[in-house]
Structure formats: structure tokens, C-alpha cells
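Welcome! Please take a look at the structure shown here, and then read on for a short tour of it.

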Amino acid sequence: MNKLTKILLLACLLLSLPYAADAQTPRSSAVRRAYQKHLGLKKTPGDPGECQYDHTIPLKYGGKDEVGNFELICGPVLKAKEKAERNPQAWEIWAQECLPH
């Protein structure tokens, strides 16, 4: 098992993750705020950059910009997911291992 696969599996176990989007894909700040409100939060928890509201399935991989496709993701899992999103093959592994089927 390679290092990336191990990181991805660890990330799944840590948060039972179901996935962000590229810079060119438009996102609605209203949708992000609605998800934040759904969680009962007034701001993103943690230190700046530590956590973010993220699309469970990235927009660039066909995810929708809607409350049902958001998650709050933090720390090493956030970094591992962002890394996987940059590579379609790594994303496929992440999706198979982490998304509910």
C-alpha cells in the first residue's frame, strides 16, 4: 500500500468522510453560509486555514454547489483530501474508499 493510499484511508477512518472545487468553478457564499447555519456555527472553527467548509464531491468532479454536498473538514484530513483532488486518479481512490455507496 503506497503512502497516499495510507493517508487517504486514515482520513476516511478519522472522519468517516463522504469531498472542494477548482478556482474557476463558481461557488455560492450563500450556500456555504446556509451549511454553516445548519451546523449551528457562526464562524469556521479552528485557527485560520485549519478547517474549511468543503464540497463533499468537488464541483470539478461533478458535485453540486448545495448544502447537501458540504462538509466541515479540518487538519491532516483536509490536506490529504486537497492533495487527492489535484489528481484524478488519486481522487478516484479517495471517492471509492471514503464516499458512501
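**A lysine with several partners**

K81 pairs with E85 in a salt bridge, with 3.3 Å between the closest N and O atoms. A salt bridge here is a side-chain nitrogen of Lys or Arg within 4 Å of a carboxyl oxygen of Asp or Glu. This is a predicted model, in which local features need pLDDT of at least 70 and side-chain atom pairs count only at pLDDT 80 or more, while totals for chains, interfaces and linings use all residues. Residues are numbered from 1 along each chain as its sequence is written, and side-chain values use heavy atoms, with hydrogens and water left out.

**The chain as a whole**

- The chain has 4 helices and 2 strands; helices (H or I, at least four residues) and strands (E, at least two) are DSSP runs, numbered from the N terminus.
- Starting at the N terminus, the order of the elements is α-α-β-β-α-α.
- Of the 101 residues in the chain, 35% are buried; buried means under 20% relative accessible area, exposed over 50%, and partly exposed in between (1.4 Å probe, protein chains only).

**The salt bridges**

- As background, side chains of opposite charge can pair when their charged atoms come close.
- How many salt bridges does a search of the whole structure find? The search finds 3.
- K81 and E85 both belong to helix α3 and sit 4 residues apart, about one turn of the helix. E85 counts as buried because its relative accessibility is 6%.
- K81 also meets D54 through their side chains, at 2.4 Å from N to O. Because K81 lies in helix α3 and D54 in strand β1, this pair ties together parts that are 27 residues apart in sequence.
- A salt bridge joins K81 and E71 too, and its closest N and O atoms are 3.2 Å apart. This pair links distant parts of the chain, with K81 in helix α3 and E71 in strand β2, 10 residues apart.
- Is K81 buried or exposed? K81 is buried, because its relative accessibility is 0%. E71 is buried as well, with a relative accessible area of 5%.
- Put together, D54, E71, K81 and E85 form a network of salt bridges.

**The nonpolar core**

- In soluble globular proteins, nonpolar side chains tend to be buried together.
- The largest nonpolar core here has 11 residues, among them I73, V77, W91 and L99. A nonpolar core is a set of buried Ala, Val, Leu, Ile, Met, Phe, Trp, Tyr and Cys residues joined through side-chain atoms within 4.5 Å.
- Helices α3 (75–85) and α4 (88–98) each supply at least two residues of this core, and α4 gives the most, with 5 residues.
- I73 is part of strand β2, and I73 counts as buried because its relative accessible area is 0%.
- From C-alpha to C-alpha, I73 and H55 are 9.6 Å apart in space, and they are 18 residues apart in sequence.

- K3, K60, K83 and R86 form a positive surface patch. Patches are made of residues with over 30% relative accessible area and no salt bridge, where like charges are joined within 9 Å and nonpolar side chains (Val, Leu, Ile, Met, Phe, Trp, Tyr) within 5 Å.
- Lys and Arg count as positive and Asp and Glu as negative, while His and the chain ends are not counted. The place of a charge is taken as NZ of Lys, CZ of Arg, CG of Asp or CD of Glu.
- K60 sits in the loop between β1 (51–55) and β2 (70–74), and K60 counts as partly exposed because its relative accessibility is 36%.

How values were computed
Accessible areas come from the Shrake-Rupley method with a 1.4 Å probe; for residues, only the protein chains shown count as cover.
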